[in-house]
Amino acid sequence: MFTRKVYLLLISLLSSSVTAEGLEFALIAKNTSDENFIEVWRGCEAAAQKNQDHCVLLGPEQEASARLQSQAIERTITSRQYRAMAISVTKSSVIADAVSLAEIPVITFDSPFAEPERSLSLSYIGTDNQQFGRDLARQAKARHPNGGSVCLMTAEHDTNLALRVLGVRRELSGNPDFADGQPLRGEGGWHEPERCLWDSGDSSQRALAQIRITLAEIKPDVMLSVGSWPLINPQAYRNTLLPFQEELRKNKPLMIIGVGKILPEYNQLMQEQLLHALVSIDFFRIGELTYNNMLNSINKKPLKAVVYTPNTIITADKPAAGQ
């Protein structure tokens, strides 16, 4: 089994070498160290290798930065090395300026352009973020059909995550037109405590500190994170939740988290009843479809404007296959 360091090394080698045969396609991520984007690259490369092509993962190495991503796009264009590029958009207006001079096909994955810049991309591949939020919320409704209190966790200033939160609230409220940004105040039997919604700041450590406060002081019926920050370090998650294990065995609260790749450690946490449900995005499949769309774009084949990948739902009584 390859480690994350091995993946990064392989990506680096591909990025710094010229392919002897086949075509090269650019995957421009929000950052190249994120496990989810590495998984997209793995899927893209697996599909590309069937045609002796290659996908190269590019972008900022650590934190997401529209400026650094824009520079990576400009280098991709001027290098004339790549036949097409796929971008996970950080800040739509900034990235739009960077791609305005592109003479190669541009598509988006994981995070699309905003509506004013949508025409710059031939196609978008990724999860339906509002549906992702609905799938998370349905795990809460399954255990609490009459409603209850729900503490949400997100990271601010991310349009994908905002759509997930909106999906959660619309599903729990039973109102498909529930207003964006409005907390639940009894709609559908659900309400959000005053100290929530939590902003994780894209930090695992901060997310776990917020969960500790939630379990010790707020004590909602459901703790629901629309992203994987609490589980970035599974052992740290275990250490944080172990003091509350007796209550968690009674589903107090119900722990529901949105993630990318399902790791074996997650199944173990479910067996320990420290985690109750996951909704997973198939980033590998996003990578496969992204390559297919880039290849089709240079072959002048028609593309669907939007391609959504299905979510995978894992619960404590239905573990992931093969685990």
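What radius of gyration would a compact globule of 323 residues have, and what does the protein chain have? The globule figure is near 20 Å, and the protein chain has 20 Å, so the two agree. This is a predicted model. The protein chain holds 11 helices and 13 strands.

**Overall dimensions and contacts**
- The C-alpha trace spans about 60 × 45 × 30 Å along its principal axes.
- Among contacts in the protein chain with a separation of 6 or more, 69% join residues 24 or more positions apart.

**Nonpolar cores**
- Buried residues account for 53% of the 323 residues in the protein chain.
- The largest nonpolar core has 74 residues.
- Within this core, the residues that touch the most other members are L27, L224, L231, Y237, M255, L275 and L278.
- Another core, of 17 residues, lies apart from the largest one. Its members include A72, I77, V89 and A98.

- The protein chain exposes about 15100 Å².

Terms used. Residues are numbered from 1 along each chain as its sequence is written. This is a predicted model: local features need pLDDT of at least 70, side-chain atom pairs count only at pLDDT 80 or more; totals for chains, interfaces and linings use all residues. Side-chain values use heavy atoms; hydrogens and water are left out. A nonpolar core is a set of buried Ala, Val, Leu, Ile, Met, Phe, Trp, Tyr and Cys residues joined through side-chain atoms within 4.5 Å. Buried means under 20% relative accessible area, exposed over 50%, partly exposed in between (1.4 Å probe, protein chains only). Helices (H or I, at least four residues) and strands (E, at least two) are DSSP runs, numbered from the N terminus. The radius of gyration is taken over C-alpha atoms; the globule rule is 2.2 Å times the number of residues to the power 0.38. Contact means heavy atoms within 4.5 Å. Accessible areas come from the Shrake-Rupley method with a 1.4 Å probe; for residues, only the protein chains shown count as cover.
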